[in-house]
Amino acid sequence: MIYQHEIPKGARLYFNGSARLKRAIEQRASEVLYKYGFEEIVTPYFSYHQHKILEDETELIRLGDEKNRKLTIRADSTVDVVRLITNRLGRSTKHKRWFYIQPVFRYPTQEFYQIGAEVLEGKRSGENLKIVLEILAQLGITPILQLSNIKIPKILSQKYGIDIEIFKELDLDRLLACEHSWMEPLLELQSVEEIDDLVGILPQEIEVELMKIKELAQFINYDNTIIAPLYYANMRYYKDLFFRFFIHNNTIATGGDYETQEIMASGFAIYTDQLIALMEKGE
């Protein structure tokens, strides 16, 4: 029996104070994004292409269109934004900076509000990081910043035979059990200052990717920064520098450099629901 007051588990309901917070967060973010030259786009809830995005396709909510072709409810906005701007609206606009404020959905009834932005002009993680920091600062939030490079686990998988699933699961025991003597110091690496200590110890291709993390950290110059070189993002399009903001293990924003539609781009998503929960607690 379903009672009149019930809503599906994972669905969102905001009213009074929480609705005001949600509106204020979105207003602050949109003001910052307009200041940096972004324009807004609102994409369809329904998509034919979401199965190309997620590592775990069981998270998709699947439907059929009028011709019984497979489609899904939007689980992620990034690839749809890039696809629509380049393939559908390419003759109408040459603008390269877009933001969106809209929910995404995961099976069976999970609903997440996001503020996202995409820069279709090559690798711009440093620039995007500063924009996210400005938005969070205006909201009075000072999270921990984690910097990673998705190329590192990919190189370790492709050249050194370490199963990529180990990185997805962050299985520390299996990583430490591998035969490479440099794995333990790489796994223990947490601060930018420690990167130079590993020069000459790690394989050269790993050092090159670690130095990209160091350069990004120096560009941002944010005190509350840690690095996680073996972190693997659960989205297929991320292939390079990646960042994550969190407080008390709650992720409040992610982003990085990616490639899709044969375009190098950079973007981020701020998780509105997590911010509302933090701000309601006064954190």
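Modeller: At 7% relative accessibility, Y238 is classed as buried, where buried means under 20% relative accessible area, exposed over 50% and partly exposed in between (1.4 Å probe, protein chains only). F242 is likewise buried, with a relative accessibility of 3%. The model is predicted, so local features need pLDDT of at least 70 and side-chain atom pairs count only at pLDDT 80 or more, while totals for chains, interfaces and linings use all residues. Residues are numbered from 1 along each chain as its sequence is written, and side-chain values use heavy atoms, with hydrogens and water left out.

Across the whole structure, a search finds 11 aromatic pairs; rings of Phe, Tyr and Trp (its six-membered ring) pair if their centres lie within 6.5 Å, and planes under 30 degrees apart count as stacked, over 60 as edge-to-face and the rest as tilted. One of these pairs joins Y45 and F105, which are tilted at 35 degrees between the planes and 5.6 Å centre to centre. This pair links distant parts of the chain, 60 residues apart: Y45 lies in the loop between β1 (39-40) and β2 (46-47), and F105 in strand β5 (residues 97-106). Strands here are DSSP runs (E, at least two residues), numbered from the N terminus. Y45 is partly exposed at 42% relative accessibility, whereas F105 is buried at 14%.

The rings of Y238 and F242 form an edge-to-face pair, because their planes stand at 75 degrees with the centres 5.0 Å apart. Both residues belong to a cluster in which ring pairs link Y231, Y237, Y238, F242 and Y258.

Terms used:
Helix = DSSP H or I, 4+ residues; strand = E, 2+ residues; numbered from the N terminus.
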